[in-house]
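Have the sequence and the 3D view at hand.

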Amino acid sequence: MDCVSTGGNRVSCMYVTYNSYLVVLAKAIHSLSRIGEELYLEPMEDGLTLRAVNSSRSAFACFMLSPLFFQRYQAPPDQAFHCKMPIKSVQAVFRSLSSLERSVEKCRIQMNSEKSRLTITLHCKHGLLKTHNLSFQDCESLQAVFDKESRGNVLQAQPRLWVDTVLHFPPSLEEVCVSVSGERVWLKNHVEDDADPSRAMMTELCLSSEEFDHFAISSQNSITFCLKELRGLLTFAESSGLPVSMYFDDPGSPVVLSVSDSVLEANFVLATLSEDSHQHSHSNSKAERCKAQPPPDDFMSDDMDSYLIAMETSELAVPSYEPAPHPCSTNHRARLSSTRQEEEEEEEEEELLDRPPSKKFCSLFFGSVLPASTQLTSQTTRSQEVLASDSEDEGEKQ
Amino acid sequence: MKFRAKINDVGCLNHFTRVVNTITKLTKACVLRLTVNNVYFVLSGKVANGGVSMWCELLQVNFFDEYQLEGVSADSNEICLEVAPENLSRALKTAQNAKFVKIKLTKKHCPCLTLAAELPSLSSVSRVVTHDIPVDVIPRRLWHDFKEPSMPDFDVSIYLPPLKTMKSVVDRMKNLSNYLVVEANLSGEMNLKIETDLVSVTTHFKNLGNPPWADDASQGGGQSRPVEAMAHARVDIRKLQQFLNGQQVNPSKAMCNIVDQRIVHLILLQEDVSLQYFIPAVA
């Protein structure tokens with residue numbers, strides 16, 4: 001597959017090797033479609049990034065494909081090239097995985113920023129060429145702030161394990177609660193407080209830490225997040241056979257699920273409920289938090305920090321790149337947001353009872369070019385709060 | 001009040017699951033009666049479910065390897081619970097390859113039937129999945145509603161045609177009419193009929209055979225009934241369809257008793273489980 005970005009007069013191309021990698025790309029897109037309605041594309045010198053976010057901004061997913069993913073890759077000269085388009089239109093091109101596998105030999109993706117057009121050309125057998133022209137809109141960069149390396153708890157397991165555990169819960173289940181302690185991991189369905197507790201069936205699955213490839217827990221902990229978005233990642237992971245890692249901290253701070261190999265990395269960042277009445281432990285001993293061994297990260301360096309303030313995302317960092325210590329304003333916002341969470345949750349409950357399931361989830365921070373204002377009174381600015389806890393935060397979170 | 005049971009055998013587990021799945025298709029809520037020898041799923045005929053009633057009886061010892069019951073009192077040594085069979089189905093569904101399944105009556109935030117299954121895992125420590133199914137305990141004064149139904153004074157008793165065949169016939173008839181007439185005689189003939197302003201359709205089954213009940217169980221009044229005479233009852237087709245849709249277990253015997261213009265009584269018998277379903281006739 002080629003990908004050509006035209007910024008100005010220059011042309012940039014990326015090719016995808018046929019078959020296996022093309023199907024991976026298609027699956028990545030399907031996975032992203034489970035998160036949000038729009039696909040955010042960002043071709044850069046060091047790779048192509050595909051992102052999606054859900055409407056309540058409580059789930060974010062990001063696939064980063066290195067140039068090695070492609071047969072030929074030409075980055076746009078203009079670093080600030082990012083766009084978005086309805087994900088359904090891209091999905092339509094890659095809808096039938098079996099026919100992609102069978103008949104497509106090569107796929108070429110071309111981006112023309114002047115005409116705001118994305119052209120996907122499928123070179124099929126027998127000289128058949130299928131060309132799809134999709135329009136996109138320019139947009140701001142979409143980036144959730146999170147630092148998975150600083151999470152106190154890391155679980156890594158083969159996708160089969162995750163899939164098997166998720167099977168015990170009905171497809172309609174919204175939220176799942178994951179608790180860890182010592183040698184065990186529990187998953188149970190989370191019941192909304194306002195639902196009738198005497199009618200709901202409770203399911204709990206207990207796994208031993210031995211079943212995980214990697215199990216590093218800093219303290220007993222319990223987080224609740226939306227299961228539906230997790231399933232999107234699991235479908236991708238299962239087909240790729242890559243182990244899935246889960247990075248998390250205390251309730252309220254986002255959980256990061258990721259898969260990676262030498263040519264791609266996927267991160268799903270999901271908000272967690274900040275108050276969890278099913279917590280197994282109440283201790284928040286951050287002092288004992290040990291840094292988990294990060295999985296080998298050989299992704300290329302990323303120099304997007306020119307237009308993103310809180311690029312704590314060390315998943316894009318190469319060993320040579322040191323995640324810069326963040327401006328204090330970020331930490332300040334994190335603390336601010338945590339104290340206001342309870343108030344806001346009450347507000348939310350009163351006002352937005354029909355909201356999508358994540359009504360109690362505070363939204364993740366989405367980096368904007370402007371430094372976020374400190375006023376957090378209105379809900380519209382809520383989307384600028386930082387929920388990613390950083391390693392220096394020792395405020396008592398409740 | 002205590003109840004504790006365990007299933008070790010995978011075949012028994014599968015069988016039990018299939019029975020529960022059948023009950024789930026028939027009703028959203030039913031009564032679970034636990035006695036020393038049997039487990040019953042009971043639905044008593046009420047206006048809410050269109051007068052349909054159901055009685056499913058399992059011989060406990062053929063399913064459970066361990067079974068301990070302490071009923072409400074010494075002379076009423078049984079437990080009656082109202083439960084949603086769908087929850088039970090869901091809990092059993094993912095436990096099909098379990099090493100064992102334990103069922104226990106517990107009190108969590110409310111009375112629950114707790115199902116715990118030990119599943120095979122990748123490590124030396126097994127995975128354990130626990131389901132807490134909320135139940136309502138039924139007080140003794142209401143138990144009379146859930147007694148075993150007496151055999152109706154039927155006019156005709158006949159063996160049913162293959163359930164699959166019946167199902168496909170009834171499914172297609174449902175598109176044409178809401179009511180269906182079931183009629184049968186003592187010559188082994190059964191008809192399923194629908195009749196509307198535009199069309200009437202009848203499916204005839206022959207040579208079905210009639211079960212040999214004791215002579216005084218039917219033919220009221222001592223008069224012997226002419227073998228060709230049809231007893232018939234007009235029922236809501238959806239009730240019949242629901243019954244046929246739910247069948248997951250192949251019965252060794254399937255029969256239908258008809259009380260003329262009153263009831264269609266369906267009986268499915270198997271070695272360790274029997275299911276009776278009563279559909280009242282409509283005018």
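This is a predicted model: local features need pLDDT of at least 70, side-chain atom pairs count only at pLDDT 80 or more; totals for chains, interfaces and linings use all residues.

Strands here are DSSP runs of at least two residues, numbered from the N terminus. B:Lys104 counts as partly exposed because its relative accessibility is 36%, and partly exposed covers the range between under 20% (buried) and over 50% (exposed).

Together with B:Lys2, B:Arg4 and B:Lys102, B:Lys104 forms a patch of positive charge on the surface. Strand E1 (2-7) and strand E7 (100-107) of chain B are the elements that each give two or more residues to this positive patch.

Now turn to a loop in chain B. B:Thr35 sits between strand E2 (30-34) and strand E3 (38-43), and B:Thr35 counts as buried because its relative accessibility is 11%. Which residues does B:Thr35 touch, leaving aside its neighbours within four places in sequence? The contacts are B:Tyr40, B:Tyr67, B:Leu69, B:Asn77 and B:Glu78.

Side chains of opposite charge can pair when their charged atoms come close. B:Glu78 makes a salt bridge with B:Arg33, with the closest N and O atoms 2.8 Å apart. This pair links distant parts of the chain: B:Arg33 lies in strand E2, while B:Glu78 lies in the loop between strand E5 (66-70) and strand E6 (79-83), 45 residues apart. B:Arg33 counts as buried because its relative accessibility is 9%, and B:Glu78 is buried too, with a relative accessible area of 12%. Another salt bridge in chain B joins B:Asp236 and B:Lys239, at 3.9 Å from N to O, and both of these residues are buried. Salt bridges that share partners also join A:Arg160, A:Asp164, A:Glu211, A:Glu238 and B:Arg127 into one network.

Let's follow that network into chain A. A:Arg160 and A:Asp164 meet in a salt bridge of 2.9 Å, N to O. Both lie in helix H4 (residues 159-166), four residues apart, which is about one turn of the helix. A:Arg160 counts as partly exposed because its relative accessibility is 45%, and A:Asp164 counts as partly exposed at 22%.

Finally, step back to see chain A as a whole. Chain A has six helices and 21 strands, and 59% of its 398 residues count as buried. Over all chains, the whole structure holds 13 salt bridges.

Key
Residues are numbered from 1 along each chain as its sequence is written. Chains are lettered from A and ligands numbered from 1 in the order in which they are written. Side-chain values use heavy atoms; hydrogens and water are left out. Patches are made of residues with over 30% relative accessible area and no salt bridge: like charges are joined within 9 Å, nonpolar side chains (Val, Leu, Ile, Met, Phe, Trp, Tyr) within 5 Å. Accessible areas come from the Shrake-Rupley method with a 1.4 Å probe; for residues, only the protein chains shown count as cover. A salt bridge is a side-chain nitrogen of Lys or Arg within 4 Å of a carboxyl oxygen of Asp or Glu. Lys and Arg count as positive and Asp and Glu as negative; His and the chain ends are not counted. The place of a charge is taken as NZ of Lys, CZ of Arg, CG of Asp or CD of Glu. Buried means under 20% relative accessible area, exposed over 50%, partly exposed in between (1.4 Å probe, protein chains only). Contact means heavy atoms within 4.5 Å.
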